[in-house]
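Reader: Please go through the labels used for this structure and set each one against its definition.

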Amino acid sequence: MNKYLDIIKNSYTGYWNYIKQSVLMELNWENYFYGLIIISLVVWGLEIVFPWRKNQPLFRKDFWLDTFYMFFNFFLLNLIVLIALSNTAELFFNDILGLVGLSVANFQLFDINTFPYWARLFVFFIIIDFVQWFTHTLLHRYEFLWDFHKVHHSVKQMGFAAHLRYHWMEPVVYNSMKYIPLAIMGGFTAQDVAIVHFFNITIGHLNHANINWDYGWLKYILNNPKMHIWHHAKELPEDRKMGVNFGITLSIWDYIFKTNYIPYNGRDIELGFDGDEKFPKDFIHQEMYPLGKK
């Protein structure tokens with residue numbers, strides 16, 4: 001038990017020190033704090049210069065709520081629960097495997113660090129993006145997961161910061177689903193993760209931004225604002241009620257598995273979900289949902 005308490009304590013102190021180093025610019029280029037700020041300002045600037053919905057306010061509905069979500073989910077949520085939970089779960093899983101004479105290495109199909117650098121990044125990115133796409137479909141398919149995902153779909157006006165409005169339970173689900181493929185791939189470096197993460201944040205911000213882009217023929221590979229807005233559509237055909245356009249960074253999974261849906265220009269479609277008028281509007285009650293759900 002003591003080793004679990006130690007890893008929880010070390011997780012908190014280690015991550016707190018990381019946040020301080022990030023804010024004080026004591027890290028190298030893989031500084032997520034200022035990286036997130038720079039990406040957000042650039043995409044917001046694009047929204048201002050090239051607005052798709054020209055009558056949408058610069059400070060759109062829930063702009064400040066989503067800005068708070070952006071920093072809370074990206075930094076404070078890790079400090080409060082995710083880092084300690086992840087490290088403790090990893091130790092517990094390794095201990096269980098040890099009881100039967102196994103280790104994570106027994107499940108490793110290949111060591112990604114033996115690949116050329118470009119191949120390492122490519123394989124890591126593709127596998128993680130597919131796992132996230134699949135996990136996203138589960139959030140829509142199962143009611144108990146959909147209850148958590150409603151927070152993200154409560155957005156009524158799209159903008160870059162809406163990208164990171166999500167319930168605290170979502171990263172628990174996503175990280176749990178990513179654990180096995182990461183174990184199968186073997187080790188990977190912090191630099192690899194940073195490069196892929198910055199790219200994913202940029203595309204995610206653009207997907208939610210008020211921008212009239214689809215990247216031409218690349219729309220069949222990269223998720224984009226014209227496609228992703230239909231993921232947030234309140235009204236969908238009966239055969240699409242479970243959701244559409246689940247791509248996180250890549251749209252190609254939706255085209256492969258026939259979950260793509262762009263019937264027409266979706267600039268002015270209503271966003272949300274059935275019953276969203278009764279959904280909590282403030283941060284605390286959204287984070288507590290579905291506790292107290294009738």
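Author: A salt bridge is a side-chain nitrogen of Lys or Arg within 4 Å of a carboxyl oxygen of Asp or Glu. The model is predicted, so local features need pLDDT of at least 70 and side-chain atom pairs pLDDT 80 or more, while totals for chains, interfaces and linings use all residues. Residues are numbered from 1 along each chain as its sequence is written, and side-chain values use heavy atoms, without hydrogens and water.

Reader: What makes Arg60 and Asp66 a salt bridge?

Author: Their side chains meet at 2.8 Å, N to O, and the limit is 4 Å. Both Arg60 and Asp66 are buried (under 20% relative accessible area; exposed is over 50%, partly exposed in between; 1.4 Å probe, protein chains only). By the salt-bridge rule the count comes to 11.

Reader: Why does the salt bridge of Asp276 and Lys156 tie together parts that are apart in sequence?

Author: The side chains of Asp276 and Lys156 meet at 2.7 Å, N to O. Asp276 lies in the loop between helix H9 (252-256) and H10, and Lys156 in the loop between helix H5 (143-153) and helix H6 (169-185), so the pair joins parts 120 residues apart in sequence. Helices here are DSSP runs (H or I, at least four residues), numbered from the N terminus.

Reader: Why is Asp276 called buried, and why is Lys156 called partly exposed?

Author: Asp276 has 8% relative accessibility, so it counts as buried. Lys156 has 28%, so it counts as partly exposed.

Reader: How many aromatic pairs does the structure hold, and why is the pair of Phe33 and Phe71 called tilted?

Author: There are 30 aromatic pairs. Phe33 and Phe71 are 6.1 Å apart, centre to centre, with 55° between the planes. Rings of Phe, Tyr and Trp (its six-membered ring) pair if their centres lie within 6.5 Å; planes under 30 degrees apart are stacked, over 60 edge-to-face and the rest tilted, so this pair is tilted. Phe33 is in helix H2 and Phe71 in helix H3, 38 residues apart. Phe33 is buried at 19%, and Phe71 is partly exposed at 25%.

Reader: What makes the pair of Trp146 and Phe273 edge-to-face?

Author: The centres of Trp146 and Phe273 are 5.9 Å apart and the planes make 80°, which is over 60 and therefore edge-to-face. Trp146 lies in helix H5 and Phe273 in the loop between H9 and H10, so the pair ties together parts 127 residues apart in sequence. Both Trp146 and Phe273 are buried.

Reader: Why is Asp62 called partly exposed, and what is its phi?

Author: Asp62 has 25% relative accessibility, so it counts as partly exposed. Its phi is near 65°, a positive value in a residue other than glycine. Asp62 is in the loop between H2 and helix H3 (63-99).

Conventions. Helix = DSSP H or I, 4+ residues; strand = E, 2+ residues; numbered from the N terminus.
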